[in-house]
Amino acid sequence: MPCLSISRQESGKIDGQLAELISMSQGRTIIIVLVTLVIGFAGGFVLRPVLAPLRQTAVAVSPAPAAPQPTAARGTQYFAANLDEARQIVAGCRDGSARGDECANAEQAVIEADSRDRFKRFTGN
């Protein structure tokens, strides 16, 4: 059987070359790991809006204003004096944008004004 014999001098050369190869491969490994991490983080930042959209956050700069206190309903006499506004309120009540006692008061004022006009036309005054 042939036997491999290496002298001390050759052994020292081989150890030096082996150490150099190991340090080069470790250097390459570190560079590959760093490049992979950079690419991964960059890809994460680029794809973040696609994968998980940002949530809308409510910014509370000042406390929310208090809800306006409901005012007393305007009476029939007010709407009798302001028939155009009374007609707008009645139209709002029909489509649902206004409600409450003002609807009844405005409708009453419009009905009374219309009945007075019809009565005047009937009597000829």
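Residues are numbered from 1 along each chain as its sequence is written. In this predicted model, local features need pLDDT of at least 70 and side-chain atom pairs count only at pLDDT 80 or more, whereas totals for chains, interfaces and linings use all residues; side-chain values use heavy atoms, with hydrogens and water left out.

The protein has four helices and zero strands. Helices (H or I, at least four residues) and strands (E, at least two) are DSSP runs, numbered from the N terminus. The order of elements from the N terminus is α-α-α-α. Of the 125 residues, 10% count as buried. Buried means under 20% relative accessible area, exposed means over 50%, and partly exposed lies in between (1.4 Å probe, protein chains only). The protein exposes about 11200 Å². Carbon and sulfur atoms supply 61% of that area. Accessible areas come from the Shrake-Rupley method with a 1.4 Å probe; for residues, only the protein chains shown count as cover. Among contacts with a separation of 6 or more, 50% join residues 24 or more positions apart. A contact means heavy atoms within 4.5 Å.

Helix α1 covers residues 8–51 and includes Val-33. Val-33 is partly exposed, at a relative accessible area of 43%. A nonpolar surface patch is formed by Ile-30, Val-33, Leu-34, Leu-37, Phe-41 and Phe-45. Together these residues have about 660 Å² of accessible area. Patches are made of residues with over 30% relative accessible area and no salt bridge; like charges are joined within 9 Å, and nonpolar side chains (Val, Leu, Ile, Met, Phe, Trp, Tyr) within 5 Å. A salt bridge is a side-chain nitrogen of Lys or Arg within 4 Å of a carboxyl oxygen of Asp or Glu.

Helix α3 comprises 13 residues, 83–95. Its first and last C-alpha atoms are 19 Å apart, close to the 18 Å expected at 1.5 Å a residue. The expected span is 1.5 Å times one less than the number of residues. Ala-86, Ile-89, Val-90 and Gly-92 are buried in α3. Seen down the axis of α3, its buried residues fall within an arc of 160°, so they line one face of the helix. The arc is that of the directions from the helix axis to the C-beta atoms. Asp-84, Gln-88, Arg-94 and Asp-95 are exposed on the face turned away from the buried side. The buried residues of α3 pack against α2 (76–81) and α4. Gly-96 follows α3 and has a positive phi, near 95°.

Helix α4 has 23 residues, which should span 33 Å at 1.5 Å a residue. The end C-alpha atoms of α4 are 33 Å apart, in agreement. Its buried residues are Glu-102, Cys-103, Asn-105, Ala-106, Ala-109, Val-110 and Ala-113. These pack against α2 and α3. Glu-102 lies in α4 (residues 101–123) and counts as buried at 18% relative accessibility. Apart from neighbours within four places in sequence, Glu-102 contacts Ala-73, Arg-74, Phe-79 and Ile-89. Gly-124 follows α4, with a positive phi near 85°.

Ala-80 belongs to helix α2. Ala-80 is partly exposed, with a relative accessible area of 33%. Ala-80 and Gln-108 are 28 residues apart in sequence. Their C-alpha atoms are 8.8 Å apart in space.
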